[in-house]
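Dear colleague,

Please find below the structure that I am handing over to you, together with its sequence.

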Amino acid sequence: MTIAFVGHGYVGLVTACVFADFGNKVWVIGHTKEKIERLKAGDPIIYEPGLKELLQKNLKAKRLIFTLEYDKAIPESDIVFIAVGTPQKKNGEANLDAVFEVAKQIGKHIKNDGFTVVSIKSTVPVGTNKKIEKIIIANKPRNAHVAIASCPEFLREGTALYDTLNPDRIIIGSDSKRTVEMLLELHKPINGKRVLTNLASAELIKYASNAMLATKISFANLISYFCEMTGADCETVLEAVGLDRRIGRMFLYPGIGYGGSCLPKDVRALIHTGKILKLDISLLDAIDGINQQAAKNYLAKVVKHTRGKNIAVWGLSFKPNTDDIREAPSLVILHELLKRDFQIRVYDPAAQDNIKRVFANKLRYADSPYDALKGVDAVCVLTEWNEFKQIDLKKVKVLMKHPVIFDGRNIYDPHIMRKLGFEYFGVGRN
Ligand code: UDX
């Protein structure tokens, strides 16, 4: 098949590379010349394990073509995916400007003498796909046949390729039988349960999934406060809770709050839709509130227990295996520590350049986790990168002035840390 993607972020680029690897001809349309040139040269722009190799392999095989021009890619394509961002507006609403503009361009350039499927992968509020359909129909050539489908994407950053190749489910929301058949055909090499439904259900499945994940995380954070106040150990509590197969252990890890480009934004967009529908959204409000409180609680611990203002921060990205710092809890924590005159030396294996763009010379930047520690009064662990998990803790202790650890991701065992002579502060642990 020949397909096109508009957008080359985590969803667009990863999915485009995977479909190209299956042997399809895949166009990828962008709107920034410099980025398209970099992609053409085999640079994925974003950091995602395995992506560079897959991109270069499929560029070389000429199955993957990057362009700025709709008129080259769209008329040739049987299926066009919209995978552009829907960032959050100040009021929490999803900003759909890019999606609507892209829909207009697709409509204008769609082939006049055949059938095209336009499938929306961007996370859009329920009802948006119908609006997209109207825009495309209003702009398309007279004899063009087009149908819309909603195919939300559930890939996670850091494991995006694995998730795309091994999804739990593939959602296809469409009223058109032919569209469903074409999308089923395209997804044939990928396992996972197929859920065939209507547009509104598909749109809501994505928000409901992300809100459920956010609920589990905020619930874990709330329970961690109960643990801190009562002498319970939240890792043991949540492990035992998660052993109940109706609940499960995944996404029950407390910490400094969820970040990233999806969970915070999607919970707020759902709140906004709920308000429009005049629903009681207090549950969603509480999830968002607890999440914001998580970073503040961690900060309060650091401020209360440090023995000096010279600290190291390990981990800056919103989660491991990515350089992404969008809505990363580290941003709030660093800003607040700087306000309180802390001197901070940071280390992250991938996100350091992105943090530099935000904080410039307000922070000092280390070359290794050890390099960040010389003479510091404490170390704050904000992202659970593997390289911190079995670090030489004896060496760590020797380098620090005061061996105090604020473990925001519970990667160390409190008893072992105390035995080694550290003053240890985890989340929900005593
Ligand atoms: C999420 C969804 O998981 C994915 O299905 C969707 O397509 C996009 O949004 P992503 O943002 O890449 O994916 O990361 P995810 O692994 O969900 O983690 C989000 C945040 O939650 C991270 O900041 C992470 O540290 C935090 N988290 C996750 C916790 O604090 N505790 C947990 O138990 C799990």
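This is a predicted model: local features need pLDDT of at least 70, side-chain atom pairs count only at pLDDT 80 or more; totals for chains, interfaces and linings use all residues.

Isoleucine 411 sits in the loop that links strand E13 (404-407) to helix H17 (414-419). Leaving aside residues up to four places away in sequence, its contacts are Val381, Glu384, Phe388 and Lys389. Lysine 33, by contrast, is 378 residues away in sequence and 42 Å away in space, C-alpha to C-alpha.

**Nonpolar cores**

The largest nonpolar core comprises 39 residues, and Ile106 and Val118 have the most contacts inside it. This core lies between domain 1 (2-207) and domain 2 (229-425), because both give residues to it. Beyond four places in sequence, valine 118 touches several residues, including Val80, Ile82, Ile106, Ile110 and Ile136.

**The protein as a whole**

The protein contains 17 helices and 14 strands, and 55% of its 430 residues count as buried. A compact globule of 430 residues would have a radius of gyration near 22 Å, so the 23 Å of the protein agrees with that expectation. The C-alpha trace spans about 75 × 50 × 35 Å along its principal axes. Of contacts between residues at least 6 apart in sequence, 73% join residues at least 24 apart.

Yours sincerely

Conventions
Residues are numbered from 1 along each chain as its sequence is written. Side-chain values use heavy atoms; hydrogens and water are left out. Helices (H or I, at least four residues) and strands (E, at least two) are DSSP runs, numbered from the N terminus. Contact means heavy atoms within 4.5 Å. A nonpolar core is a set of buried Ala, Val, Leu, Ile, Met, Phe, Trp, Tyr and Cys residues joined through side-chain atoms within 4.5 Å. Buried means under 20% relative accessible area, exposed over 50%, partly exposed in between (1.4 Å probe, protein chains only). Domain bounds come from an automatic or database domain assignment. The radius of gyration is taken over C-alpha atoms; the globule rule is 2.2 Å times the number of residues to the power 0.38.
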